[in-house]
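Hi everyone, thanks for coming. Let me put the structure up, and then I'll walk you through it.

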Amino acid sequence: MVIKMTYKMSLGLACNLCGDCVDICPVDALTITEQLNHDGAKCTYCESCMDICPECAIRIRCED
Ligand code: SF4
Ligand code: SF4
């Protein structure tokens with residue numbers, strides 16, 4: 001049996017656009033324009049950005 005996991009990322013209002021998450025993302029899935037943008041097609045949901053964020057503005061959750 002194959003279990004397919006679906007992940008969802010939420011970007012919170014606490015983001016101060018410091019760029020730490022952009023720098024640590026290994027697949028360049030995060031960019032900053034006038035806001036923080038997340039490319040779900042590139043993201044591997046490694047959680048590095050969530051761990052490094054000083055404002056706890058990134059949440060990743062698993063949905064089934
Ligand atoms: S590390 Fe956190 S506060 Fe900094 S840009 Fe990313 S989401 Fe925003
Ligand atoms: S979860 Fe990992 S791959 Fe996805 S945006 Fe964050 S650092 Fe990049």
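I'll start with the whole chain, then turn to one residue and the ligand.

A word on conventions: this is a predicted model, where local features need pLDDT of at least 70, side-chain atom pairs count only at pLDDT 80 or more, and totals for chains, interfaces and linings use all residues. Residues are numbered from 1 along each chain as its sequence is written, while chains are lettered from A and ligands numbered from 1 in the order in which they are written.

The chain has two helices and four strands, taken as DSSP runs numbered from the N terminus (helices H or I, at least four residues; strands E, at least two). From the N terminus, their order is β-α-β-β-α-β.

How confident is the predictor? The pLDDT, its confidence in each residue from 0 to 100, averages 90 over the chain. Strand β1, residues 6-11, has the lowest mean, 85, and α1 the highest, 97.

Now look at Ile24, in helix α1, which spans residues 20-24. Ile24 touches Ser48, Cys49 and Ile52, leaving aside residues up to four places away in sequence; contact here puts C-beta atoms, placed from the backbone, within 7 Å. Ile24 and Ser48 are 24 residues apart along the chain, yet 6.9 Å separates their C-alpha atoms.

Finally, which residues come nearest to ligand 1? Of the 13 around it, they are Cys15, Cys18, Asp20, Cys21 and Cys53; a residue counts as near if its C-beta atom, placed from the backbone, lies within 6 Å.

Key: Two residues are in contact if their C-beta atoms, placed from the backbone, lie within 7 Å. pLDDT is the predictor's confidence in each residue, from 0 to 100.
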